[in-house]
Structure formats: C-alpha cells, structure tokens
Amino acid sequence: MAAFDTLRDVHASGAYANLALAEQARAHDLTSQEAALCTELVNGTCRWEGTYDRILEAAGGRSLDSLQPAIVDVLRLGTHQLLNMRTPTHAAVSTSVDLAGIALGERTTGVVNAIIRKVSKKDFEQWLDELTEGMGERGALSLRTGHPRWIVDAWATALAGSPDGDLPDGELRAALEADNVAPVPTLVVRPGLCDREELLADGGRATSFSPFGVVREGNPSDLAAVRQRRAAVQDEGSQLVALALTRVEAESGRWLDLCAGPGGKAALLTGVARADGSTLLANEAHEHRADLVRKSLMAYPQNLWEVVVGDGTKPQWEQNTFTRVMADVPCSGLGSLRRRPESRWRRTQQEVGELFQLQCDLLDQAIASAAPGGVIAYVTCSPHRAETSTIVQTIADQRVEILDAASFLPEVPDCRAATDPRFVQLWPHRHGTDAMFLALLRRL
C-alpha cells in the first residue's frame, strides 16, 4: 500500500518520488527492509513507466486513458513486479488484484486481473521484441531503455555534438542505460571542518576524481560528521564543477553563488574560500530554499558567508565586484535521471525551451557581477544542448573569454563536451556522476 500511495502522490500531486517515499515510509511505519522494497517498487515503476504503459495497452487492447489513473498505477506496479523483479507470477497477480480491491473497490478487480494476467504471459524481453518489431533504431532504444524519444534524441546530440554527428557504437545505449542504475550515496566533506580520512574510516571509499568525496552505502545520517553538518550528501559531479571554479587563477575577495539552493556547492565553496582568505555571498530566490542554504553553511563561522533572498536576474549587490561567481542555474534536471526516475516522463521538450530566457538572463547577470579578471562558472545538471553550450554561446560576448574548462579537471578523462571542447560534460556512463555541464568564463 505504501508503494501505491507514493505513486499516487507522484502522479496525482506532482510529488518528487524520493520525498514522497520518505513521507509514506513514515506514515506506514515501514521497517528498513520494507522501505527498501517500497523504494524499488516505486523507483522501478517510475523508471520504466513509458515502456510499461505500452505493454499494458498491448495486453489490455485499450488506451490507458480509458482507465482511472489509480487503476493504471496498480497495473504499473504489478507489471514491474512481473517483468523486472523476482516476484512469482501468482504473487504479483494476486497482490495487484488485492491492492485494487482494497484501495479502489471490488468493482476494479476484474479489469486489473484480466490485464495483469495477460502481461504475465510474456517476459520483459518478449514484450520488448514484440513492441519494437519494425520500429526504427531510436524508437526501439526509447522503449528498451525506458526514455521518451525526445530524450534519446537529445542525448545523441549531446554525445555526438550535433543531431547528425557520429557516435561510437553502443555509447548512446550505454548513456541511457546508466540512467537506470541507482547511484550509491556520495558524501562530501566541508573543507576545514572534516577531512576525507574520517569518512573513509567509517567504511566508505574515495571518489574517483574529487578530493572531497566518499562513496558509502547505508544511511548518511548514521555518520556523526553528517549529523554535525561537517559533511553532507553531494554527487561527485557537483563537487567537480565547484572544484574547477576554485582552480582558476583569481584574486582573493568576495565570491558569489548566484542560485545557491539547496546549498551544497555554497558550502564547498565556503570551505575553499576560507583557505583563500575570501568570503561567500549566497543568493537564493526562494525563502524556503534559502533556509536550506543557511543550514548547509551554519557549521562555518558566520563571518565567512552571507545568505540573501532575491531574484538573481535583478541583483541586490554591486556589480563588477566578485572574483568568482557560481551560476548553477535552474534547469530541467535531466542530468540526474538516475536519482529522479519520474522526471523523464514529467519533463517535456517544451519545458526545456521555456527555461532558455531565464538561463540567459542569469548568466548575463553572473558576468555583470564579476570583477574584471574574475571567473564565472556556468553550470547545469543537464546535458541538453539547449541548456548548455547554446546558452553560453548566446550570452558570451566581448565582456568575457571562454576558458578551457577541461584543463582545470585534468584528472577527469574524456570530459570535453562534444558540442564545444572548451566545455566540460560529465556523464554517468563515463564518470559515474550526474550529467553535469560546466563552462568557465573570465571577465575581461
């Protein structure tokens, strides 16, 4: 029932799956083992939703639009158990029928029983073979990897540098399949408050590239350093883009994090700024996210940082003053699909385009806020060309020099963006990180 309630929160209320899972785990008082099963049910169902919907329509001989949305969620959960978990067929069928009866009423059990039994007649590969017969390569890849077709095309463009560019054999599939592998939690130390050896002593392993990170199974809150805010959860890709900004030669002074929420990069930058004799101003447009930034920074002395709430396109601060500027702008979040599997079906190509002007305006203000000689990092958690190289190439003008960002991450192999080798593009299948994009600019 907890998995069903979570899925309804995601589809009916637009909730994030990870937040809804945590809330439902508390509401249903799940044990750790039950919570793990619930997480697999929800994340797996969300990850493969588009493919499961095609299977359910083929099995039921009807459009899913003809069914109540709640019935569709029952069917999706049952399909995931049948096709991608080790649940015995009789158990998956009976569980689905029982869930429909309890949650939606006995009148729904007949249709659920009929459709889910038809799904059980074939395994996952057999369904995929049937549905992709005669289909083009990209369309088949969409179904076989659980991605909307527009994302498949966008990944191909980002990897090849253009819509019709050449791709190494199998790389597009590898990039898409990497989105379907849930990452192990990655921790980051707060420089000056915790060192990596402390986290390694608690059973973690060092991240592949970041000097600040540790990969560790289990609940991060079990560690004293995390509870004391001397360490936190942060993907290695986020650590690396912040690290690159700090490696570019620049004078000491004030640093700016233009879009700081929820505060992970701001905390890492504050620790490095402290050693540099610099301070950080963290700006966040929303008060509740600004509170998260303050919590991330509170372990540091308050004379090292300041948090303000405001629109980054209409800055409250004096321009031409900051020696380093982090512009991690709002984006589609498509680079973190392995963490947020529901996002691939929630986002649309149109929504990506709608962010274009905001991203341009924020980068423009980031440049204007930098002092002459200052360095700006433009960052997105998305590999989509419209949110990455296109933005930089649109805004970069005689005010800035585009730097060779990859040269500031020499330990990270094969990280030059195909769309422009001066930029960095990280990938889950290459680097084990979220698909973070980085451009570095110097204010002239």
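**Exercise 1. A helix and its cover**

Which residues of H3 are buried?

*Solution.* Buried residues have under 20% relative accessible area, exposed ones over 50%, and partly exposed ones lie in between (1.4 Å probe, protein chains only). By that cut-off, the buried residues of H3 are Cys 38, Leu 41, Val 42, Asn 43, Gly 44, Thr 45, Cys 46 and Arg 47.

Before going on, a word on the model. It is predicted, so local features need pLDDT of at least 70 and side-chain atom pairs count only at pLDDT 80 or more, while totals for chains, interfaces and linings use all residues. Residues are numbered from 1 along each chain as its sequence is written, and side-chain values use heavy atoms, with hydrogens and water left out.

Next, find the helix itself. Helices (H or I, at least four residues) and strands (E, at least two) are DSSP runs, numbered from the N terminus. Helix H3 covers residues 32–47, 16 residues in all, and spans 22 Å from its first C-alpha to its last. That is close to the 22 Å expected at 1.5 Å a residue, where the expected span is 1.5 Å times one less than the number of residues.

**Exercise 2. A pocket and a cavity**

What lines the second largest pocket, and what lines the largest cavity?

*Solution.* Start with the rule. On a 1 Å grid over the protein atoms alone, a cavity is a set of points where a 1.4 Å probe fits but cannot get out; a pocket is an open set with protein on both sides within 12 Å along at least five of seven lines; lining residues have an atom within 4 Å of a point. Grid points are joined across faces, edges and corners, and a volume is the space filled by probe spheres set on the points.

Take the pocket now. The second largest pocket has a volume of about 430 Å³. Its lining has 21 residues, and Met 1, Ala 2, Ala 3, Leu 41 and Thr 95 lie nearest its centre. H1, H3, H5 and helix H6 (89–104) each supply at least two lining residues, with the largest share, five residues, coming from H6.

To sort by class, count Ala, Val, Leu, Ile, Met, Phe, Trp, Tyr, Cys and Pro as nonpolar, Asp, Glu, Lys and Arg as charged, and the others, Gly among them, as polar. The pocket lining then has 13 nonpolar, six polar and two charged residues.

Turn to the cavity. The count comes to one cavity of 30 Å³ or more, and the largest cavity holds about 40 Å³ of space. Its lining is made of Ala 158, Pro 383, Thr 388, Ala 417, Ala 418, Thr 419, Gln 425, Trp 427 and Phe 437. By class, that lining has six nonpolar, three polar and no charged residues.

**Exercise 3. Strands side by side**

In which order do the four strands of the open antiparallel sheet stand, and how many bridges join S8 to S9?

*Solution.* Two strands pair if DSSP finds at least two bridges between them. The open sheet has the order S2-S3-S1-S4. Strand S2 (205–206) and strand S4 (231–233) are the edge strands, each pairing on one side only. Inside, S1 (residues 186–189) and S3 (residues 213–215) pair antiparallel over three bridges; Leu 187 has Val 214 of S3 as its bridge partner.

Now move to S8. S8 pairs with S5 in the parallel sense over three bridges, and Asp 257 has Met 326 of S8 as its bridge partner. Six bridges join S8 to strand S9 (residues 370–380), again in parallel, with Ala 370 of S9 as the partner of Phe 322.
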